[in-house]
Amino acid sequence: RNVDPGSYAFEIIIQGESRGHFRKKMPFTIDVYSTRLPEQSLLVANWHYPAFLQRLDQDTTKQGYGGGSEKIAVMMHDYGQNAVFLSPVYLADYSFNEEGQVERISMEKFAKNIELFDRHMNLKLITGGHLAKRMDGWKKPFKMAVPQRGTDGETVFEYLPFEDSRVVRFYDKFLDSLSVFLRRSGWIEKYVQHIADEPIEENAENYAEIARYVRRKMPGVRIIEAIQDCAVTSDVDVLVPQLDFLHKNRDYFFKQCVGKEFWFYTSHLPQGTYANRHIRQPLLKTRLLHWINYKYHVNGYLHWGYNYWLSSIPELETSAIQVTGTVLPGGDCWIVYPEGDSIAPSVRLEAMRDGIGDYELLKLAEQKDEASVRNIVDQVIYDFDCYESDIIKFRQIRRQLLKLLEPDSLQIRK
């Protein structure tokens, strides 16, 4: 930030011992441009998992409020994540009456978690964790989490069908409490609610019934969802189709869903020629995720795995691992690594940060010359699954963007 624009030459000297002493000079030149990144507008969410952060916490009293959660919040901020996934159902505290029904609900723990991430991040969005999940198979109806008093007085969760009277009895009370909390705390405008992950045609009707109930109970709160089917789009405000599903159904989404907000997501899919953040893909493809965001006017990106550290030594897990019967590519479950009591970024996370920066530069440059920006992007992103893959050519094209942003009166000093 404190370096004047210009071209700076320097040398790196490498020396060591290999069949005798060697010493080699390598000349480099760095061009520094005057443009600075604007405030980030692209919304980025990688879901984190507090249970895996416990390995970082030396002071167990901090779990949930500091320690690992604080470290991951700082990491998220430093690498461009500005949306956080927090579950109000599981972070609330409950007290029960003599009949075992929920009598009081406290949002204090949920509030502390929001405050922690807001303190360390440029927090633009809170994505409320799912209220329902699959329990009986991929095509079966979703079941909703309902807290119960355990045998030792602890809170446990039972998953019940939506038509069970205990579900509505609990959620009438819970959603009222959540709505009041969000409005009183001022978070209502930054909050969106997940219902159930990846609904498909076979459970779309069940999903819609739950979503409409939640909407009636919390008017003004938007619903966000990762989707793999078009059957639920009318009940979702922030549509997050998988990248390949968006590609195959681009006409439907861009012509029939006018007025909706769009993100896209990746997970273990798509693979093949599509961009993603897997270890065995060319690193450039991770960066290009956010060029795709720009080209197709999609203002958010989601991935499910920030730190799902199933392996005891995640840094050595570079190929596929199995999760609930599904073989996942290396890098799908995490994009950061535990390092003692700290967290280390991966090169893929750095590439993602670079892509986020590119997105913001493109948005900035379009204010100056939108036609030229479109030409630059079209040289990099040919389609949803086809890109310029030569890193040297990519850098040459990106340099056009930097030169476009440079004031006409300012020349790079040689």
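Two strands are taken as paired if DSSP finds at least two bridges between them; helices (H or I, at least four residues) and strands (E, at least two) are DSSP runs, numbered from the N terminus. The structure is a predicted model, in which local features need pLDDT of at least 70 and side-chain atom pairs count only at pLDDT 80 or more, whereas totals for chains, interfaces and linings use all residues. Residues are numbered from 1 along each chain as its sequence is written, and side-chain values use heavy atoms, with hydrogens and water left out.

Strand 19 (residues 336–339) and strand 20 (residues 342–345) run antiparallel and are joined by four bridges. Within this pair, Y337 lies opposite A344 of strand 20. The two strands form a hairpin with two residues between them, and G340 in the turn has a positive phi of about 65°.

Strands of a sheet pair through backbone hydrogen bonds, in either the parallel or the antiparallel sense. Parallel pairing is found in an open sheet of six strands with the order 4-7-11-12-13-14. Strand 4 (83–86) and strand 14 (261–262) stand at its edges, each with a single partner strand, so one side of each is left without a neighbour in the sheet. Inside this order, strand 7 (residues 125–128) pairs with strand 11 (residues 191–193) in the parallel sense over three bridges, and I126 stands opposite Y191 in strand 11.

Antiparallel pairing is found in an open sheet of three strands, ordered 8-9-10. Its edge strands are strand 8 (132–133) and strand 10 (155–161), each of which pairs on one side only. Helix 5 (residues 165–185) packs on this sheet and touches strand 9 and strand 10, its direction making about 75° with that of strand 9. For such angles, axes are lines fitted to C-alpha atoms, for helices over the stretch in contact, and angles run from 0 to 180 degrees between N-to-C directions; contact means heavy atoms within 4.5 Å. Strand 8 is joined to strand 9 (residues 143–149) by two bridges in the antiparallel sense, with K133 partnered by K143 and A132 opposite M144. Seven bridges join strand 9 to strand 10, again antiparallel, and here Q148 stands opposite V156. Five residues separate the strands in the hairpin of strand 9 and strand 10, where G153 takes a positive phi near 90°. Strand 9 is mostly covered, five of its seven residues being buried; buried means under 20% relative accessible area, exposed over 50%, and partly exposed in between (1.4 Å probe, protein chains only).

Among the helices, the axes of helix 9 (residues 283–295) and helix 11 (residues 391–405) come within 12 Å and cross at roughly 35°. The contact is made by L284, R287, L288 and W291 of helix 9 together with I391, F394 and R398 of helix 11. By class, this contact has five nonpolar, no polar and two charged residues, where Ala, Val, Leu, Ile, Met, Phe, Trp, Tyr, Cys and Pro count as nonpolar, Asp, Glu, Lys and Arg as charged, and the others, Gly among them, as polar.

Two buried residues were examined individually. T266 is located in strand 15 (residues 264–266) and is buried, with a relative accessible area of 0%. The side chain of T266 makes polar contacts with the side chain of N276 (3.0 Å) and with that of Y301 (2.6 Å). A polar contact is a pair of N or O atoms within 3.5 Å; within protein, one must be able to donate a hydrogen and the other to accept it, and residues adjacent in sequence count only if both atoms are side-chain atoms. Residues up to four places away in sequence aside, T266 touches several others, including L243, L289 and W304. F384 lies in the loop between strand 21 (381–383) and strand 22 (386–387) and counts as buried because its relative accessibility is 0%. Its C-alpha atom is separated by 9.4 Å from that of L289, 95 residues apart along the chain. Beyond neighbours within four places in sequence, the contacts of F384 include L243, H247, Y274 and I292.

Backbone geometry was also examined in the loops. A cis peptide bond, with omega of about 0°, joins L269 and P270; P270 lies in the loop between strand 15 and helix 9. R19, although not a glycine, has a positive phi of about 55°. R19 is found in the loop between strand 1 (6–17) and strand 2 (21–32) and is exposed, with a relative accessible area of 91%. E198, also not a glycine, has a positive phi of about 55°; E198 is placed in the loop between strand 11 and helix 6 (204–217) and is buried, at 12% relative accessible area.
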